[in-house]
Amino acid sequence: MTHFKHSPYQDWESLALKERRKEAPDEMLHTTLEGIELKPLYTAADLAEIEYHESLPGLAPFLRGPRATMYTGRAWTVRQYAGFSTAKASNEFYRKNIAAGQTGLSIAFDLATHRGYDSDHPRVEGDVGKAGVAIDSVEDMKTLFDQIELDKMSVSMTMNGAVLPVMAMFIVAAEEQGVKPEQLSGTLQNDILKEFMVRNTYIYPPEPSMRIVSDIISYTATNMPKFNPISISGYHMQEAGATCLQELAFTIADGIEYARAARNNGLDIDAFAPRLSFFFAIGMNFFMEIAKLRAARVLWAEYIDKLFKPKNPKSLMLRTHCQTSGVSLTSKDPYNNVVRTTIEAMAAVLGGTQSLHTNSFDEALALPSETSARIARNTQLIIRDETEMTKVVDPLGGSYYIESLTQSLINEARKIIDEVEEMGGMAQAVVSGMPKLKIEESATIRQARIDKNEDVIVGVNKFQSDDEQQLDVRVIDNQQVRVGQLKQIDEIRSTRNASVVNSALKSLSAAAESNSNLLEAAIVAARARATLGEISDALESVYGRHQAQNQSVGGVYGRAFEHNEQFMELQSQICEFEEEHGRRPRILVAKLGQDGHDRGANVIATALADIGFDVDLSPLFQTPEEIVRQALDNDVHIIGISTQAGAHTQLVPEVMTLLKQQSMNDVVVICGGVIPPQDHAALYEAGVSEIFGPGTHIPDAAANLLDHLK
Amino acid sequence: MSTKQELAAKLLEGDRRALSKAITLVESSHAQDRETALALLDSIMPHTGKARRIAISGSPGVGKSTFIEAFGEYLINAGKRVAVLSIDPSSSLTGGSILGDKTRMPMLANNPAAYVRPTPSGSMLGGVARRTREVIALCEAAGYNTILIETVGVGQSETEAANMSDCYLLLLQPGSGDSLQGIKRGIMELADLIIVNKADGVLLSSAQESATQYMRALSLMQERMPGWQCPVVLCSSTEKTGQSETSAQIDAYFSHAQASGAFTQKRLAQKLYWLEDETIADLVDRFKRDKSIQARYAEAVKQLESGRSPARIASEFVSLLLNNSQKS
């Protein structure tokens with residue numbers, strides 16, 4: 001047997017410099033989007049900097065996992081997020097999935113429900129049943145869980161704005177199935193802070209919204225010991241463009257804020273902290289994502305211990321759900337998304353998630369079809385059952401690189417969390433707009449890197465395929481859903497006892513003005529068959545409806561393109577346009593319907609302004625009438641409609657009709673966002689000039705717009 | 001709207017689209033558009049001047065937009081028709097702008113009795129203010145009887161805003177006495193009415209304190225209009241308090257100004273200033289557009305090489321231009 005000498009690090013370094021043809025070791029560093037400097041090699045020497053490399057799973061600070069045996073004992077919960085159309089259609093879909101191996105439910109509600117509107121509200125015409133299931137009353141909720149045993153099935157509900165009516169209806173639906181609140185298990189998303197930051201699916205202003213969160217935490221602490229009252233979510237931050245570091249730090253800071261709110265509501269930390277759960281996105285930066293989950297567990301344990309001094313070690317334990325990244329999916333060459341989702345799912349598993357949703361490959365185009373949903377679910381089942389990845393706890397623990405990366409994230413996140421704490425906590429930080437702006441800045445930088453081909457996305461900005469596959473995607477007839485929902489609402493209104501409903505709603509408003517628990521009051525109203533819209537209105541009458549103020553980052557995109565040829569060519573074209581028309585091209589970037597995702601719209605707006613357009617922004621949640629009115633008032637050349645949730649089929653043609661009525665035929669209308677290919681023909685026929693999907697190269701799109709104005 | 005007569009007629013009827021197109025016309029940097037715009041402005045002049053022109057100023061972050069949203073709603077409920085113009089929105093390095101007024105004033109953006117029109121600052125010659133005056137006239141002709149002019153609260157645009165409005169509202173943050181030092185005295189002196197905004201929740205008591213301090217500071221300053229001591233009003237745009245008092249103080253201001261004759265004087269002075277400012281701006285405009293002048297200017301630039309004083313060259317150049325125009 002030959003013995004090799006232990007080689008000194010310098011030997012490797014000089015070899016490496018030679019191979020890379022570099023002068024100094026610094027030239028071999030790579031800086032990530034997070035601002036972390038990566039060395040090309042990590043060694044045992046790096047372990048000296050690691051604080052917890054000897055820690056063990058199941059024990060604080062849980063670096064290596066919240067449970068001692070992790071997947072060797074029991075694998076993660078396969079929890080696929082789904083919901084569409086009516087309660088009946090969604091119920092059938094859920095039961096099929098359960099039969100096919102899904103182990104937990106995760107309910108997607110439509111945007112009308114999220115925003116506290118019944119299906120018959122005039123503002124939600126285009127949104128009913130589109131991006132989730134339409135729920136108007138406890139009757140819908142009962143249908144949704146028909147033949148699903150709520151005492152056995154864990155149910156996760158993505159709901160933030162209309163949490164009170166939805167949670168109340170869930171509890172009453174269970175009650176009428178014969179299941180008591182204490183038997184219910186599952187999770188309510190109920191994370192309102194990130195709504196104000198990125199997702200915008202709020203109803204009330206921040207302060208009463210925080211009270212609703214803590215009332216729900218109080219209620220479940222007493223009555224629903226198996227239920228997680230909140231899922232503190234970084235997911236939507238990453239989707240909106242946050243780096244892994246920002247997602248990590250702001251999510252932990254959100255968690256601290258909720259814990260503080262619950263404690264200020266009179267609860268002992270150990271009465272609720274063990275039931276706080278988390279939700280992270282898993283994107284394509286494989287090792288960064290693994291490190292992020294490990295860092296999150298350490299940070300949570302540290303901050304909870306420091307700020308709240310719990311006695312129960314479970315209060316320090318971060319348990320999380322993960323979902324593969326939606327924003328990493330592309331509409332071009334969509335089968336590539338199967339591969340992306342697989343890599344992301346592996347990162348979630350190696351990071352030690354407690355439950356997982358894997359996206360379907362067609363989600364950049366539409367809601368998942370039966371086939372794509374099956375492949376997504378099977379991705380997890382294959383990892384779980386075919387790869388033996390589950391046989392050892394935290395298999396990457398002790399990797400020089402993983403441990404170093406985890407430590408770097410911990411160090412950097414502490415700085416951000418401490419900054420937020422100094423501002424007075426996340427609620428204050430959110431009101432100041434700081435996190436939102438930081439995330440938007442990252443989103444814009446990322447977009448510029450993609451548009452400049454510095455970051456490669458296969459099939460989008462490199463290795464494009466000419467072979468355009470036509471996918472069969474799920475189509476929702478929202479008008480049909482709406483008609484059905486309207487009939488159901490009418491029936492409920494005519495059969496219920498109106499005076500019981502009215503007095504329940506009055507008590508709810510009264511509770512909003514006093515200190516009594518809002519969920520208790522909402523349950524009484526739901527039981528009396530008050531609708532979701534009525535319950536929301538009872539609270540809105542006291543709290544008002546929140547209206548976001550848009551702040552935007554200027555110059556970030558343009559700076560990345562300094563001296564870029566295409567960029568300069570566009571700018572000179574704009575100057576020519578200005579000379580000819582007496583002003584710059586002016587575009588209204590508009591958000592139509594109840595979808596609040598505004599990353600796309602904001603990134604486009606700031607990029608176009610940096611290119612030289614004058615860009616008007618519409619408020620969120622606009623109707624076709626409002627958009628046309630704003631386009632008319634500002635006399636724009638172009639309306640750019642951003643749509644992510646399917647409302648375009650109904651609302652965009654309405655915009656076109658209104659434009660014709662106003663003789664504004666010269667206004668060019670373009671659409672961007674998630675628009676299934678089969679909707680394109682109808683939109684073009686209605687008069688839309690261009691449709692831009694996810695992954696659009698913005699300078700190309702700008703050139704295209706200028707062509708349309710010629 | 002093929003002809004300018006048609007545009008003027010529609011504008012006077014209060015047609016929203018006509019107003020919108022007319023504003024584009026006066027803001028246009030195109031020379032031909034300018035002729036049409038001047039003719040339009042001339043024809044509507046008899047129908048202008050009847051609105052209250054109110055400048056709303058304050059540092060970024062003080063809550064101007066939310067104030068305008070809440071106050072505008074109050075005015076509309078009182079039967080007013082409100083136009084909101086911004087004098088200097090943010091503009092990016094490359095000259096494009098992001099105009100977020102509609103997102104900050106969602107109610108006004110969609111209310112039939114309101115008209116919100118932000119103007120991109122862009123590369124407009126002579127500053128945005130030059131066109132804002134004209135836009136005010138257009139809005140008045142279209143029947144808006146309250147014009148709110150939002151400014152950024154710093155620098156030259158403040159004096160310009162004061163020069164085109166009847167009444168200048170300054171919004172201030174609640175805060176300690178230190179904040180008073182942060183406010184430029186020059187801007188305090190422009191104010192006809194001071195609003196301490198965000199007077200709600202945890203800030204209420206510090207807002208009250210600030211109000212007292214501002215009043216004390218104001219009492220040491222000279223009155224901007226004889227007999228008018230600038231009042232300080234507490235406002236909360238989120239809790240919708242202070243709007244009626246603001247409105248009452250503005251009413252009081254206007255009746256005082258009208259009774260004392262200050263209003264007429266001010267409007268006259270502003271018209272003179274308009275003429276003077278426009279004369280200078282137009283001269284500069286023509287100077288820059290005229291190819292033969294530009295050619296001669298290029299010659300003047302060349303003289304720099306000979307080491308002569310730029311002041312001397314400029315003086316000779318202008319004399320040459322003026323002599324030539326006298327001869328022709």
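**Figure 1. The interface of chain A and chain B.** Between them, chain A and chain B bury about 3,000 Å², with 46% of it on carbon and sulfur atoms. Buried area is the accessible area (1.4 Å probe) that two parts lose on being put together, summed over both. On the chain A side, A:Arg629, A:Asp633 and A:Asp635 lose the most area to chain B, together 19% of what that side buries. The contact (heavy atoms within 4.5 Å) takes 40 residues from chain A and 35 residues from chain B. This is a predicted model: local features need pLDDT of at least 70, side-chain atom pairs count only at pLDDT 80 or more, and totals for chains, interfaces and linings use all residues. Residues are numbered from 1 along each chain as its sequence is written, chains are lettered from A and ligands numbered from 1 in the order in which they are written, and side-chain values use heavy atoms, with hydrogens and water left out.

**Figure 2. Salt bridges across the interface.** The rule finds two salt bridges between chain A and chain B. A salt bridge is a side-chain nitrogen of Lys or Arg within 4 Å of a carboxyl oxygen of Asp or Glu. A:Asp633 forms one with B:Arg16, and their closest N and O atoms are 2.9 Å apart.

**Figure 3. Elements of chain A that touch chain B.** α23 (565-581), α24 (599-611), β13 (614-617) and α25 (624-634) of chain A each supply at least two residues of this side. Helices (H or I, at least four residues) and strands (E, at least two) are DSSP runs, numbered from the N terminus. The largest share, six residues, comes from α25(A).

**Figure 4. Strands paired between the chains.** β13(A) runs parallel to strand β3 (residues 97-99) of chain B, and three bridges join them. Two strands pair if DSSP finds at least two bridges between them. B:Ser97 in β3(B) is the bridge partner of A:Asp614.

**Figure 5. A cis peptide bond in chain A.** The peptide bond from A:Ala60 to A:Pro61 is cis, with omega near 5°. A:Pro61 sits in the loop between β2 (37-38) and α2 (70-73) of chain A.

**Figure 6. Two residues with positive phi.** A:Asp333 is not a glycine, yet has a positive phi of about 45°. The loop between β10 (319-324) and α13 (336-351) of chain A holds A:Asp333. A:Asn453, also a residue other than glycine, has phi near 60°. A:Asn453 lies in the loop between α17 (434-451) and α18 (478-495) of chain A.
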